[in-house]
Amino acid sequence: MVVLDRPENILYSYAMRKLKLYIETSTINFAISNQMPAYKEDTVKFFSAIRSGIHEAYTSDVVLREINRANIDHAIRLRSVINDLELEVLQVNEERCDLY
């Protein structure tokens with residue numbers, strides 16, 4: 001158990017929390033695109049951290065609608081990334097839009 005009586009302990013406790021991250025369409029694209037190798041490499045490392053449980057990641061039904069507009073082969077690859085990461089899909093509604 002971490003005692004939160006000193007600043008360094010509070011910082012440690014905060015640092016140990018999982019970040020909750022929203023993954024949007026372009027981030028998923030970086031993982032499968034060969035046009036920007038440095039972005040792809042960084043994204044693959046980032047997704048590896050998500051898979052290992054370091055971060056909690058989400059996407060939305062808006063992203064899925066964008067993916068559905070892509071050509072079929074590209075859409076399949078993008079959906080494969082979402083499935084592989086086991087991203088929870090958030091539903092966007094009027095209430096959530098008010099948060100922005």
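**Core, sheet and salt bridges in the predicted model**

Ile-82 touches Ile-28, Thr-59, Val-63, Leu-64, Ile-67 and Leu-87, leaving aside residues up to four places away in sequence. The model is predicted. The largest nonpolar core holds 16 residues, and Ile-82 is one of the four that touch the most other members, together with Ile-23, Ile-28 and Phe-47. Two or more residues of this core are supplied by each of helix 2 (25-32), helix 3 (37-51), helix 4 and helix 5 (72-85). Helix 5 gives the largest share, five residues.

The sheet is open and consists of three strands in the order 1-2-3, with parallel pairing. Strand 1 (19-22) and strand 3 (88-90) are the edge strands, each pairing on one side only. From one strand to the next, the twist averages 35 degrees. Strand 2 (residues 55-60) runs parallel to strand 3 and is joined to strand 3 by three bridges. Within this pairing, Ser-60 lies opposite Leu-90 of strand 3. Helix 4 (residues 61-68) packs on the sheet and touches strand 1, strand 2 and strand 3. The direction of helix 4 makes about 60 degrees with that of strand 2.

Side chains of opposite charge can pair when their charged atoms come close. In this model the count comes to three salt bridges. One joins Asp-84 and Arg-51, at 2.7 Å from N to O. This pair links distant parts of the chain, since Asp-84 belongs to helix 5 and Arg-51 to helix 3, 33 residues apart. Both side chains belong to partly exposed residues: the relative accessible area is 43% for Asp-84 and 45% for Arg-51.

A salt bridge is also formed by Glu-41 and Lys-45, whose closest N and O atoms are 3.4 Å apart. The two residues are four apart in helix 3, so about one helical turn separates Glu-41 from Lys-45. Glu-41 is partly exposed, with a relative accessible area of 46%.

In helix 4, Arg-65 and Asp-61 are likewise separated by about one helical turn, because they are four residues apart. Their salt bridge has its closest N and O atoms 3.3 Å apart.

Key. Residues are numbered from 1 along each chain as its sequence is written. This is a predicted model: local features need pLDDT of at least 70, side-chain atom pairs count only at pLDDT 80 or more; totals for chains, interfaces and linings use all residues. Side-chain values use heavy atoms; hydrogens and water are left out. Two strands pair if DSSP finds at least two bridges between them. Axes are lines fitted to C-alpha atoms, for helices over the stretch in contact, and angles run from 0 to 180 degrees between N-to-C directions. Contact means heavy atoms within 4.5 Å. A nonpolar core is a set of buried Ala, Val, Leu, Ile, Met, Phe, Trp, Tyr and Cys residues joined through side-chain atoms within 4.5 Å. Buried means under 20% relative accessible area, exposed over 50%, partly exposed in between (1.4 Å probe, protein chains only). A salt bridge is a side-chain nitrogen of Lys or Arg within 4 Å of a carboxyl oxygen of Asp or Glu.
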